[in-house]
Amino acid sequence: MPEVDFCEWIGRTDESEDFIAPAPLAGLAATLDRDWEELAEEARVPPLWHWLYFLPRARASELGQDGHPLKGGFLPPVELPRRMWAGGRLQFHGPVNVGSRAIRRSVIQAIRNKSGRSGQLVFVTVQHQIFSDGQLAISEEQDIVYRGAAADGAQGATPVKAPIGAAWQRVITPDPVQLFRYSALTFNGHRIHYDEAYAKQAEGYPALVVQGPLIATLLLDLVQRHQPATRIRSFSFKALHPTFLHAPFTVCGEPAGDGRTIDLWAQDCHGNLTMQASATTL
């Protein structure tokens, strides 16, 4: 695909409103094997669980072959067929209150063309601001990457080995039910997470792909399991390599010496780094 200039899309805005109902939170708690009644006592949305709201609800006739909404609405009509959430940066300013009316204001911040070992890439950065009861609660930047079709013999990035000896570790064995539940809760129709034939034949993956946002959520869930009273001030993450079904992966955490920063990462069963993240606490 020749390089296309999407400058006219930069600055494009969108606004949506949602009711922060407790039912999706209870569903995610069950998916993560957590006790929602215990978490619900604070009546606020746990960090990253706001991804259960402001969901795209494109009609069936408005979906592409991959299960995503067709391009060219809010997001630019990039012709590259494969798209994934590559990473993000978040600041938590205040609570998103359960039972509140919340507003999300979004703007396309940047669009960049790049060339990688596997071909052309287009990165789209979207900025969101989420307001709960009229107060700014979350500032977020999301990086979405578009890639060309899978090609035989194309080489991806060389795997990087994960650090050894994390203070916190939890082994996760993903299964189809977990992937289905998370896709359902986030209304994510991307077929690489539930349609194995499509994932293999159309996108060239060896198995179903574990959702990047689910892995990021499990990383912060690791913090909450070890430090339940901790308040998260900021979180950033970058997906480095896909994680696939049928093999366990490990979420890891290492608190820094400053008492406020926590290095987080996920690694596959071969010890390769699949996601790198960092959290700061209040």
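**Entry 1**

I began with strand β2 (residues 82–92) and strand β7 (residues 232–239), which run antiparallel and are joined by five bridges. Two strands pair if DSSP finds at least two bridges between them. Leucine 90 is the residue opposite phenylalanine 235 of β7. I then followed β7 to strand β10 (residues 273–281): these two are also antiparallel, with seven bridges. Here isoleucine 232 stands opposite threonine 281 of β10.

A note on what I am reading: this is a predicted model, where local features need pLDDT of at least 70 and side-chain atom pairs count only at pLDDT 80 or more, while totals for chains, interfaces and linings use all residues. Residues are numbered from 1 along each chain as its sequence is written, and side-chain values use heavy atoms, with hydrogens and water left out.

**Entry 1: the cores**

Which residues touch the most other members of the largest nonpolar core? I found Phe235 and Leu264, in a core of 54 residues. Helix α5 (residues 212–226) supplies the largest share of this core, eight residues. A second, separate core has eleven residues, among them Trp9, Val122, Val126 and Tyr146. For the terms: a nonpolar core is a set of buried Ala, Val, Leu, Ile, Met, Phe, Trp, Tyr and Cys residues joined through side-chain atoms within 4.5 Å. Buried means under 20% relative accessible area, exposed over 50%, and partly exposed in between (1.4 Å probe, protein chains only).

Is strand β4 (residues 119–132) mostly covered or mostly open? Mostly covered: eleven of its 14 residues are buried. β4 pairs with strand β5 (residues 135–147) in the antiparallel sense, over twelve bridges. I checked valine 122, and its bridge partner in β5 is tyrosine 146. The two strands form a hairpin with two residues between them, and aspartate 133 in the turn has a positive phi of about 50 degrees.

**Entry 2: cysteines**

How many disulfides are there? The count comes to zero, with a disulfide taken as a pair of cysteine sulfur atoms within 2.5 Å. The cysteine sulfur closest to that of cysteine 252 belongs to cysteine 269, and at 13 Å this is too far for a bond. I also looked at accessibility: cysteine 252 counts as buried at 1% relative accessibility, whereas cysteine 269, at 46%, counts as partly exposed.

**Entry 3: helix α3**

I turned to helix α3 (residues 176–185), where Gln178, Leu179, Tyr182, Ser183 and Leu185 are buried. Down the axis of α3, its buried residues fall within an arc of 165 degrees, so they line one face of the helix. The arc is that of the directions from the helix axis to the C-beta atoms. Val177 and Phe180, on the other side of α3, are exposed. The cover over the buried residues includes α1 (22–31), β6 (168–172) and α5.

At the start of α3, a side-chain oxygen of aspartate 175 comes to within 2.9 Å of the backbone nitrogen of valine 177. After α3 comes phenylalanine 187, with a positive phi near 50 degrees.

Threonine 261 lies in strand β9 (residues 261–267) and is buried, with a relative accessible area of 17%. Its side chain makes a polar contact of 2.8 Å with that of aspartate 258. A polar contact is a pair of N or O atoms within 3.5 Å; within protein, one must be able to donate a hydrogen and the other to accept it, and residues adjacent in sequence count only if both atoms are side-chain atoms.

Asparagine 272 sits in the loop between β9 and β10, and is buried, with a relative accessible area of 13%. Leaving aside neighbours within four places in sequence, asparagine 272 is in contact with Pro159, Val160, Lys161, Ala162, Ala266 and Gln267.

My last stop was glycine 189, in the loop between α3 and α4 (196–201). Glycine 189 is partly exposed, at 23% relative accessible area. Not counting residues up to four places away in sequence, glycine 189 touches Asp66, Gly67 and Tyr194.

Key
Helix = DSSP H or I, 4+ residues; strand = E, 2+ residues; numbered from the N terminus. Contact = heavy atoms within 4.5 Å.
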